[in-house]
Amino acid sequence: MNEAMIEMHHVFKTYPSQISALSDITLEILPGEFAFIVGPSGSGKSTLLRILFCAERPTSGEVVVHGIHITQPDFKKIYQLRRTMGIVSQDFKLLRDRTVNENVAFALEITGHIREEAKSKASEILRRVGLEEREGDSILALSAGEQQRVAIARALVNSPPLLLADEPTGNLDARMTLDVMEIFTDLHQKGTTIVFATQFTGLIKRYSYRAIRLLDGRKADSHKVEEVKATG
Amino acid sequence: MMGNLFSNLITIGIIAISMLIFSTFTLLAFNLTNFLKIWEDKIEVIAYLKRGTPSSEVEPLLKKTRLLEGVETVRYVSPYDAMGFMETKLGGQKNLLEGIQPAVLPPSFEIQMKKDYRNSTKIKEVVAHLKEIPQFEEIQYGQEWVETFSVLVHILRLTQWILGGLLLIAVVFITSNTLQLTISSRREEIEVMHWVGTSPSFIRIPFYLEGLIQGFLGGGLAILFLFLLHQGLFLYIPPSMQAWLAKIPVLFLPLETIAWILLGGMVLGFFGSFVASMRVLKYK
């Protein structure tokens, strides 16, 4: 049996204002799996992802990523953990004063790669997401869908085995959403573990991946696509 | 650094002004200490013998005085020597001394102190021993001068360090705030760095370097301004005072002190950036 890529055991997250964001979350995501985290706005999807990439610590419970107990108090090497994962968010977080290639290469340069090597590898990844024609363009010249593809390329450039995506299609129209989903599907087929948070149930109906449903910070259920479709 | 030229210039300017104030006090204290040293080097104790001390007692007394701890040389000044000295001093007006017999002048010992004893504390110790010798009537030395001057230098040094401490806090506060602005202006870039797993030191080191450079430039500017002020001082003082200053040289800070001031500026700049990075560069 495969060791889980992600394990969460009885995870609670309560903010100082006493707002409970997550309540008793227990889940497992296996290597190579594509898992949707689905729920309405404010259901705790983003908090869950932020805990997975150590942007926040849970109030209690245990979280294990890549076999590393990230919730232990002595765990300090967040940056080493982040090198094993790609992060994509709804607001892209791209550097507006740089070109498409520079944005992707930046992720390599700041982790020790020489500039030429970084640029070349960035070109390769940009080809993979269909942006080879836009490499030299400014980020500002791109559409939202294209910007999201750049963000995905940047998340992938270090070949992480795990990709965490927080509403990556939240700002995209239907056509762009399909384009981006195509990239994610392709990545999944090549073995990348993907955790994809979304509030759009339409997506989980379209793709036959496991969906972990959150409601008010609690895990409502976990279905295969057929079950989700059945429950509407 | 170039991206935030204005805020960087402000920081460098503030560091320069703070370091200039501190350096000015350092320069003053340095020169007064130097003056005190020159003055102390010339210091001598004059012990007046009681009138009527038999000449046969002079030689044993000289020997006794020479044996006192801290005494380097002792010279006997007879009433005739004293008269000759006064005539020399009065020059063309020596006729004022006409009719005065040398015998009215008391014989004395001119006592030169050893180098380590040329300060107010040690002189007092020697003078106390001299006072125990019954043949001496009065003992004179520049006691008040030495003490007043020592106190002045002490106050100046104290002011220098208190002011230095206050300026240090101000500089760290200002540098850290300016660097926070710089960091904020690069917030997006830093956030991306955090996301892709850049090591904290890789993110922080450029800011530390920025603080070090700001501190070095601020310290350097302070030294430059102080040097110009020091040079300017000689251009605007009247010639009569210049002749006086020739005897008491107004020195500029020695290289070692300059190096310490530059290093101090760098440490302040670094500390400011360190505080800023602790506040706003936490891994998120």
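View 1. β4(A) and β5(A) pair in the antiparallel sense, over two bridges. A strand here is a DSSP run of E of at least two residues, a helix a run of H or I of at least four, both numbered from the N terminus; strands pair if DSSP finds at least two bridges between them. Everything shown comes from a predicted model, where local features need pLDDT of at least 70, side-chain atom pairs count only at pLDDT 80 or more, and totals for chains, interfaces and linings use all residues. As for labels, residues are numbered from 1 along each chain as its sequence is written, while chains are lettered from A and ligands numbered from 1 in the order in which they are written. Two residues sit between the strands, and H66(A) takes a positive phi near 55°.

**View 2. The rest of that open sheet in chain A.** The four strands come in the order β2-β1-β4-β5, with antiparallel pairing. At the edges are β2 (20–29) and β5 (68–69) of chain A, each pairing on one side only. β1(A), residues 6–14, is joined to β2(A) by six bridges, and the two run antiparallel. One spot to look for is T14(A), whose bridge partner in β2(A) is S20(A). β1(A) also pairs with β4(A), residues 60–65, in the antiparallel sense, this time over five bridges. There, I6(A) has V65(A) of β4(A) as its bridge partner.

View 3. S208(A) lies in the loop between α7 (201–206) and β9 (210–215) of chain A. Is S208(A) buried or partly exposed? S208(A) counts as partly exposed because it has 13 C-beta neighbours inside 10 Å. For reference, buried takes 20 or more other C-beta atoms within 10 Å of the residue's own, exposed takes 12 or fewer, and partly exposed is in between, with C-beta atoms placed from the backbone. S208(A) and F34(A) are 174 residues apart in sequence, yet their C-alpha atoms are 9.2 Å apart in space.

**View 4. Nonpolar cores.** A nonpolar core is a set of buried Ala, Val, Leu, Ile, Met, Phe, Trp, Tyr and Cys residues joined through C-beta atoms within 7 Å. The largest has 67 residues, and those with the most contacts inside it are I37(A), L52(A), V104(A), A153(A), L164(A) and V195(A). Leaving out residues up to four places away in sequence, A153(A) touches V104(A), I125(A), L126(A), V129(A) and L131(A). Contact means that the C-beta atoms of two residues, placed from the backbone, lie within 7 Å. Apart from that core lies another one of 17 residues, including A16(B), L27(B), A29(B) and L268(B).

**View 5. Where chain A meets chain B.** Each chain puts in its share: 14 residues from chain A and 14 residues from chain B. On the chain A side, α2 (78–82) and α3 (100–109) each supply at least two residues. α2(A) gives the most, with four residues. By class, the chain A side has eight nonpolar, three polar and three charged residues. Nonpolar covers Ala, Val, Leu, Ile, Met, Phe, Trp, Tyr, Cys and Pro, charged covers Asp, Glu, Lys and Arg, and the others, Gly among them, are polar.

**View 6. The chain B sheet with a helix packed on it.** Chain B has nine helices and four strands. Its open sheet runs β2-β3-β1-β4, with antiparallel pairing. β2 (71–77) and β4 (136–140) of chain B are the edge strands. Neighbouring strands are turned by 20° against each other on average, direction ignored. β2(B) and β3(B), residues 108–113, pair in the antiparallel sense over six bridges, and V77(B) stands opposite S108(B) in β3(B). Helix α4(B), residues 120–131, packs on the sheet and touches β1 (44–49), β2, β3 and β4 of chain B; its direction makes about 10° with that of β1(B).

**View 7. Two helices crossing in chain B.** The axes of α7(B), residues 200–235, and α9(B), residues 255–280, come within 7 Å and cross at roughly 145°. Axes are lines fitted to C-alpha atoms, for helices over the stretch in contact, with angles from 0 to 180 degrees between N-to-C directions. The contact of α7(B) with α9(B) has 15 nonpolar, twelve polar and two charged residues.
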